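This report concerns charged side chains and their pairings in one protein model. Please consult the sequence and the structure displayed below while reading.

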Amino acid sequence: MSHWAPILSTGMEDERIRLEPLTQDHRKPLRDIAIDERIWEFFVSRVTDEAEFTTFFDNLMEDQRTGRCAVYAIVEKETGTVCGSSAFGNLDAANDRLEIGWSWLGIAFQGSGINRHAKRLLLRRAFEELGCQRVEFKTDVLNQRARAALRKIGATEEGVLRSYNYMPSGRRRDAIYYSVLAQEWPTVKDAL
């Protein structure tokens, strides 16, 4: 367990959303918005039925329990509605580096600005509380929506890792990496 653990186990909030550490209380509200194949087209997980959601959620809880990831439910403060989830993963405290990912929103919340609030909270925690020097993002090279969102938050495109992994369809995904460095954070923060 790294020195990051006490910080990672607490929530975050701004004027619009809360990021709550994932618990079993989030299972039903996330299930209610997750079973929609449009959400998962570019994800390594597929959630198109109850069984796939159960596996997906149980894996998130296991990643949370073992410290492989710090997973947060995204909650709209005004309504108390659970909108999706996001996480810190590939935690490398010795090198002051982590990845933000495993992020998804229900269809009704996509394009609403909630993702931008979530990314701002996660980046702020990474740089201002954890002392990260580097925050990474990766996505499917075909996921133009995610790539545009990453460019919009000020992340720098670093390159493509060809034939990175299998997708549920059997297709080999080319993964594209983005990053924000500590010295870039003040500028990125102002733009968020």
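The count of salt bridges comes to 18, a salt bridge being a side-chain nitrogen of Lys or Arg within 4 Å of a carboxyl oxygen of Asp or Glu. The model is predicted, so local features need pLDDT of at least 70 and side-chain atom pairs count only at pLDDT 80 or more, whereas totals for chains, interfaces and linings use all residues. Residues are numbered from 1 along each chain as its sequence is written, and side-chain values use heavy atoms, with hydrogens and water left out. Side chains of opposite charge can pair when their charged atoms come close.

| Lys77 | Glu13 | 2.9 Å |

Lys77 forms a salt bridge with Glu13. Because Lys77 lies in the loop between strand E3 (70-76) and strand E4 (81-92) and Glu13 in strand E1 (residues 12-13), this pair ties together parts 64 residues apart in sequence. Strands (E, at least two residues) and helices (H or I, at least four) are DSSP runs, numbered from the N terminus. Lys77 is partly exposed, at 30% relative accessible area, and Glu13 is partly exposed at 45%. Here buried means under 20% relative accessible area, exposed over 50% and partly exposed in between, with a 1.4 Å probe and protein chains only.

Glu136 is buried, with a relative accessible area of 8%, while Arg97 is partly exposed at 25%.

Lys189 counts as partly exposed at 26% relative accessibility, as does Glu128 at 43%. Elsewhere, salt bridges that share partners join Asp92, Arg97, Arg134, Glu136 and Glu158 into one network.

Strand E6 (residues 134-140) also holds Asp140, which is buried, with a relative accessible area of 0%. A polar atom of the Asp140 side chain lies 2.8 Å from the backbone nitrogen of Leu142. Leaving aside residues up to four places away in sequence, Asp140 touches Phe42, Arg147, Met167, Arg171, Arg173, Asp174 and Ile176, where contact means heavy atoms within 4.5 Å.

Terms used:
Polar contact = N/O pair within 3.5 Å; in protein donor to acceptor, adjacent residues only side chain to side chain.
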